[in-house]
Amino acid sequence: MIVRIKHIMLAAFMAASFSPTMASAQSPKPGASRPAQAPRPADIDKNGVLILVRSTLLALDQANKTGNYTVLRDLGAPGFQTNTAARLAEIFAYQRNQHLDLSGVAVLEPQLSMLPQIESTGMMHMSGFFPSVPTQIRFELLYAPVQSQWKLFGLSVSLGSSSPVAPSDAPVPSVAEQPRGGTGLRPAGPKS
């Protein structure tokens with residue numbers, strides 16, 4: 001069972017692609033119409049990923065603890081900065097009121113469920129979790145290239161259970177219903 005604190009997505013790009021519960025920033029100005037490109041792997045090493053993920057989540061943690069979202073806002077890309085500090089305080093009010101502590105991200109190693117990839121918009125997108133106990137901190141991040149640096153454009157943070165989850169109670173097909181040459185195993189369902 002996943003306990004969702006609050007999904008926060010601060011990018012119009014993510015608004016079109018993910019959870020309906022989110023805040024949005026101004027999307028980049030549409031340019032000449034380009035054919036949609038498939039995401040491609042980002043050219044960033046492990047240390048670069050660690051710096052981006054940890055610094056972003058620690059900035060959110062400090063903003064939640066102090067109630068001051070100015071630094072988080074100022075660290076973001078221009079599209080993220082369309083949110084005022086007061087608006088960010090509203091968006092993260094639930095996490096702040098629940099005293100969500102993200103400080104463990106400073107020492108834990110994130111596990112990426114989606115390796116950094118460059119979307120057709122030119123933004124870098126990644127997601128994963130920190131394997132903490134009893135709950136995991138799950139994240140999804142979107143960065144825009146600004147003056148040769150990756151700047152925060154979208155952010156989603158939630159908590160989930162770190163204990164194993166039992167499979168659904170869906171009936172297992174009988175042997176007669178199995179395709180020939182199959183393993184008898186059901187394919188994995190969509191990940192949440």
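These legends go with a set of close-ups of one predicted model.

**Figure 1. The whole chain, for orientation.** Here we have a predicted model of a protein chain with five helices and five strands. Walk along the sequence and the order reads α-β-α-α-α-α-β-β-β-β. The chain has 192 residues, and 38% of them count as buried. Looking at contacts with a separation of 6 or more, 58% of them join residues 24 or more positions apart.

**Figure 2. Tyr 69 and Phe 92, a stacked pair.** Searching the whole structure turns up two aromatic pairs. In this one, the ring centres of Tyr 69 and Phe 92 sit 6.0 Å from each other, with 10° between the planes, and the pair is stacked. What does the pair tie together? Tyr 69 is in the loop between helix H2 (46-66) and helix H3 (70-75), while Phe 92 is in the loop between helix H4 (85-91) and helix H5 (93-97), so the pair links parts that are 23 residues apart in sequence. Tyr 69 and Phe 92 are both buried.

**Figure 3. Phe 130 and Phe 139, a tilted pair.** Now for the other aromatic pair from the search. The ring centres of Phe 130 and Phe 139 are 5.6 Å apart, and their planes meet at 45°, so this pair goes down as tilted.

**Figure 4. Asp 61 in helix H2.** This view picks out an aspartate, Asp 61, that belongs to helix H2. Which residues does Asp 61 touch, leaving aside neighbours within four places in sequence? The partners are Leu 100, Asp 101, Leu 102 and Ser 103.

Figure 5. Averaged over the protein chain, pLDDT is 76, and 66% of the residues reach 70 or more. Residues 1-28 stay under 50, yet the model gives this stretch 86 contacts beyond four places in sequence. Residues 173-192 are also below 50 in pLDDT, and the model has eight contacts for them beyond near neighbours in sequence.

Definitions and conventions: Residues numbered from 1 in each chain as written. Predicted model: local features only at pLDDT ≥ 70, side-chain atom pairs only at ≥ 80, totals over all residues. Heavy atoms only, no water. Phe/Tyr/Trp six-rings, centres within 6.5 Å; stacked < 30°, edge-to-face > 60°. Helix = DSSP H or I, 4+ residues; strand = E, 2+ residues; numbered from the N terminus. Buried < 20%, exposed > 50% of the residue type's maximum accessible area, 1.4 Å probe, protein only. pLDDT = per-residue confidence, 0-100. Contact = heavy atoms within 4.5 Å.
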